[in-house]
Amino acid sequence: MQGFGDQIFSSESGLEIQKLGNDEFDDDGKPKRTGNVWTASAHIITAIIGSGVLSLAWGVAQLGWIAGVATLVLFSGITLYTGSLLADCYRSPVTGKRNYTYKEVVKNNLGQVMYMFCATVQYVNLTGMVIGYTITASISMAAIQKSDCFHSRGHEVSCSVSHNPYMIGLGVLEIFLSQIPNFHKLSMLSVVAAIMSFAYSSIGVGLAFAKVVSGDGGRTSLTGVEIGAGLTAAEKIWRMFRLA
């Protein structure tokens, strides 16, 4: 009887361990997700609102009230459609397994060939973005140093600043950050990114409002900035494509 009782106790312990395991892991065996509406909203805000909002007012001014507002509405609809499409593709249509990356979505829905094409495009795009942000950040930091030099030594002094040290420093920092395991699980990173997104928006709104209140905002029109002595048709078209 004692052996039978020990067996029952062992079975109950095993069931308890299995129950705890089910509470700690999802149905596909990976650690259970702890996200909620707030964390999801922070990720969405971070993904949509970036530093590009700082030049949004300038971009809309190039297009005008008609084309500018229409472009905003159009791309809002595209964002809504693609977001809904990704939500519908979250699980595999055959196995029901979760797709944790965009590449997995493409592979399970469109096949191996499109998966390889998608991966190539993603990595090329990622490489271009990293290079672009590194160059832009280094130019910005050099500009701050140059501006500080002008304020302290005067504008007649030649304040030459090299971008190379900043680019090398940013590259080393990016290599270091890329070695952190489970970097995507740093919850505070999403909070900081969401705060920065709101800061970008606030800066853009504040600068635009200050420009309007000062009365030095310039003349607006339905078709955008007017072509004249300081702006040719080719330059306006180039500016419009830069916004797109």
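Modeller: Residues 24 or more positions apart account for 52% of the chain's contacts with a separation of 6 or more. Keep in mind that this is a predicted model.

Biologist: Noted. How many helices and strands are there in the chain?

Modeller: There are 8 helices and 0 strands. Along the sequence the pattern reads α-α-α-α-α-α-α-α.

Biologist: And what percentage of the residues in the chain is buried?

Modeller: The buried share is 14% of the 244 residues.

Biologist: Let's go to α5. How many residues does α5 have, and what does it reach from its first C-alpha to its last?

Modeller: α5 has 42 residues and reaches 61 Å. That is close to the 62 Å expected at 1.5 Å a residue. Its range is 112-153.

Biologist: What follows α5?

Modeller: Gly154 does. The phi of Gly154 is positive, near 100°.

Biologist: Which residues in α5 are buried?

Modeller: Cys118, Ala119, Thr134, Ser138, Ala142 and Cys149.

Biologist: What do the buried residues of α5 pack against?

Modeller: They pack against α4 and α6, the latter spanning 164-178.

Biologist: Take α4 then. At what angle do α4 and α5 pack, and how far apart are their axes?

Modeller: Helix α4, residues 102-110, packs on α5 at about 160°, with the axes 7 Å apart. An angle over 145 degrees counts as roughly antiparallel, so α4 is roughly antiparallel to α5.

Biologist: Is the crossing of α4 past α5 left-handed or right-handed?

Modeller: Right-handed.

Biologist: Which residues make the contact?

Modeller: From α4, they are Tyr102, Lys103, Val106, Lys107 and Leu110. From α5, they are Gln112, Met114, Tyr115, Cys118, Ala119, Gln122 and Tyr123. Cys118 and Ala119 are also among the buried residues of α5.

Biologist: How do the residues of the contact of α4 with α5 divide by class?

Modeller: The contact has 8 nonpolar, 2 polar and 2 charged residues.

Biologist: Now α6. At what angle do α5 and α6 pack?

Modeller: About 135°, with the axes 9 Å apart. That angle makes α5 oblique to α6. The crossing of this pair is right-handed.

Biologist: Which residues of α5 and α6 make that contact?

Modeller: On α5, the list is Val130, Thr134, Ile135, Ala137, Ser138, Met141, Ala142 and Gln145. On α6, it is Tyr166, Met167, Leu170 and Glu174. By class, there are 8 nonpolar, 3 polar and 1 charged.

Biologist: Zoom in on Thr134. Why is Thr134 classed as buried?

Modeller: Because its relative accessible area is 11%, and buried means under 20%. Thr134 sits in helix α5.

Biologist: What is Thr134 in contact with, leaving aside its neighbours within four places in sequence?

Modeller: Met167, Leu170 and Glu174. Those three residues are on the α6 side of the contact with α5.

Biologist: Change of topic. Where does Arg98 lie?

Modeller: Arg98 is in the loop between α3, residues 56-88, and α4.

Biologist: Does Arg98 count as buried or exposed?

Modeller: Buried, because its relative accessibility is 7%.

Biologist: An arginine in there. Which residues is Arg98 in contact with, beyond its neighbours within four places in sequence?

Modeller: Asp26, Asp27, Asp28, Arg33, Tyr90, Arg91 and Glu104. Asp27 is 71 residues from Arg98 along the chain, yet their C-alpha atoms are separated by 9.3 Å.

Biologist: Another one, Ala61. Where does Ala61 lie?

Modeller: Ala61 lies in helix α3. Its relative accessibility is 35%, so Ala61 counts as partly exposed.

Biologist: How far apart in sequence and in space are Ala61 and Val225?

Modeller: They are 164 residues apart in sequence and 6.3 Å apart C-alpha to C-alpha. Setting aside neighbours within four places, Ala61 is in contact with Gly224 and Val225.

Biologist: Last one, Ile195. Which helix is the place of Ile195?

Modeller: Helix α7, residues 187-214. Ile195 counts as exposed, because its relative accessibility is 54%.

Biologist: And how far apart are Ile195 and Thr46?

Modeller: They are 149 residues apart in sequence. In space, the C-alpha to C-alpha distance is 8.5 Å.

Methods. Residues numbered from 1 in each chain as written. Predicted model: local features only at pLDDT ≥ 70, side-chain atom pairs only at ≥ 80, totals over all residues. Heavy atoms only, no water. Axes fitted to C-alpha atoms, helices over the stretch in contact; angles between N-to-C directions. Helix = DSSP H or I, 4+ residues; strand = E, 2+ residues; numbered from the N terminus. Parallel < 35°, antiparallel > 145°, perpendicular 65-115°, else oblique. Left-handed = near helix turned anticlockwise from the far one by under 90°. Contact = heavy atoms within 4.5 Å. Nonpolar A, V, L, I, M, F, W, Y, C, P; charged D, E, K, R; others polar. Expected span 1.5 Å × (residues − 1). Buried < 20%, exposed > 50% of the residue type's maximum accessible area, 1.4 Å probe, protein only.
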